[in-house]
Amino acid sequence: MGKITVLYESQTGSTEKMAHLVAEGARSIEGMEVRLVSVHDADAAEAVSWADGLAVGTPTNLGGISWRMKKFWDDWSADNWSKVDGKLGCTFSSQGGHGGGAELACTAMNIVLMNFGFLVFGVTDYLDSLHTLHYGACIAKEPRNPVDKAVCRRLGLRLAEWVAFYFDQRPDLHPLKTTKQVDGREIEPEEATPSTTKAKDSSSQADASSESTKAPSETAVKEETSKHEHHVGPVHLLVRISVPKRNQIAWEAMARELTQMSREEPGCLRYSFARLEGSETEFFVIEEYTSQEALDIHSNSSYFKRLVPAMGKISSTISVEKALPLHPDTRTLYFGNDSLGHKYCFLPIGVAFCAGAIAAGLAVWYTKC
């Protein structure tokens, strides 16, 4: 499979954090070999020569690339000029604030790559209505919010898609057949089958209704929500979806992005996609939220409204079931995530332990009195 190097120089750690996310996006293409190196690493020069595709990250310094990054290429050119023609390249940069020159830095870095014969590319995708990466991934300071992180991951994913397409001869991974589906382009339809015909009929009916911009699952969720509008406490959602095999690469790429962004919501306790055992085309979305309000925030997020309708165009929703806890435990207190996205919480046993300790202390005090 293809080989990708993510090369970076970082002064405050912000560009390094971007580099890790770019590498994460590149690894989302199965089998892609990805190396993450700093310009200060001893194997940096070798890693550049080794790769089929290169993503280069530089801090924005006075509207240009950092002097350390420039020095790396000055030194590298002595032994490697005219030896990397035809490799793929893209860039990313961290800036002090929006409008701080990161696009200029990416453009300058692209020009350096072009001098060595790299084939550089832009990314036309919009991660939401305001964020794209035509010249590279540009972030103010470090990537903190879901959109910033998604921008970095998309750059790595796009590089991996192009490497797979050009170097691994994988036409099925051309972006117009995978992640560019997010922009509303259609995948070539499958041969007519009862299931796909039903999916198309459902799509046509949705287009003719007032819910034309929403996938069937979104509409069904809102209808189901109205039945339980007075419920207080955690809510569970189970969505069953059929995805034709030829559409699964595109669908799973969007599902992966939706999962990453949903799990960063404060009110999300669980968000997972799973394949039905024994089936090649049926999947479940398993969701749990702290409250109905948290579910509503998820359903109204910009990435939900962008990704779910696009996924609905190449899949068919079989059912949407909303469940409420039979015996909700109001003593459980959730309070945030750790670095891996796991929820910290006080469990009922902890509450019971504290209550018991207090009771024991009161008993000792009473005895002494």
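In which helix is aspartate 148 found?

1. **Basis of the note.** This is a predicted model, in which local features need pLDDT of at least 70 and side-chain atom pairs count only at pLDDT 80 or more, while totals for chains, interfaces and linings use all residues. Residues are numbered from 1 along each chain as its sequence is written, and side-chain values use heavy atoms, with hydrogens and water left out.

2. **Overall content.** The protein has 11 helices and 14 strands; helices (H or I, at least four residues) and strands (E, at least two) are DSSP runs, numbered from the N terminus. Buried residues make up 47% of its 369 residues, where buried means under 20% relative accessible area, exposed over 50% and partly exposed in between (1.4 Å probe, protein chains only). Of the contacts with a separation of 6 or more, 72% are between residues 24 or more positions apart; contact means heavy atoms within 4.5 Å.

3. Aspartate 148 is found in helix H5 and counts as buried, at 10% relative accessibility. Not counting residues up to four places away in sequence, aspartate 148 touches Ile139, Glu142 and Pro143. Aspartate 148 and leucine 21 are 127 residues apart in sequence, and their C-alpha atoms are 9.8 Å apart in space. Arginine 158 is found in helix H5 and is buried, with a relative accessible area of 3%. Leaving aside neighbours within four places in sequence, arginine 158 is in contact with Phe121, Val123, Asp125, Pro175, Thr179 and Lys180.

4. **Helices H1 and H5.** The axes of H1 (residues 14-27) and H5 come within 6 Å and cross at roughly 45°. That makes H1 oblique to H5; angles under 35 degrees count as roughly parallel, over 145 as roughly antiparallel, 65 to 115 as roughly perpendicular and the rest as oblique. Axes are lines fitted to C-alpha atoms, for helices over the stretch in contact, and angles run from 0 to 180 degrees between N-to-C directions. In H1, the residues Met18, Leu21, Val22, Glu24, Gly25 and Ala26 meet Lys149, Cys152, Arg153, Leu155, Gly156, Leu157 and Ala160 in H5.

5. **Nonpolar cores.** The largest nonpolar core has 60 residues, of which Ile4, Val6, Met32, Phe92, Leu155, Leu159 and Trp251 touch the most other members. Such a core is a set of buried Ala, Val, Leu, Ile, Met, Phe, Trp, Tyr and Cys residues joined through side-chain atoms within 4.5 Å. Helix H5 (residues 146-166) supplies the largest share of this core, 11 residues. A second, separate core of 19 residues includes Leu7, Ala44, Val56 and Phe72.

6. **A four-stranded sheet.** An open sheet with antiparallel pairing has the strand order S10-S11-S9-S12; two strands pair if DSSP finds at least two bridges between them. Strands S10 (268-275) and S12 (316-323) stand at the edges with a single partner strand each, so one side of each is left without a neighbour in the sheet. Strands S9 (residues 235-242) and S11 (residues 282-289) pair over eight bridges, with valine 235 opposite tyrosine 289 in S11. Helix H9 (residues 292-299) packs on the sheet and touches S9, S10, S11 and S12, its direction making about 130° with that of S11.

7. **Helix H10.** Nine of the 11 residues in H10 (residues 302-312) are buried, so that helix is mostly covered. Among the buried residues are Tyr303, Phe304, Arg306 and Leu307.
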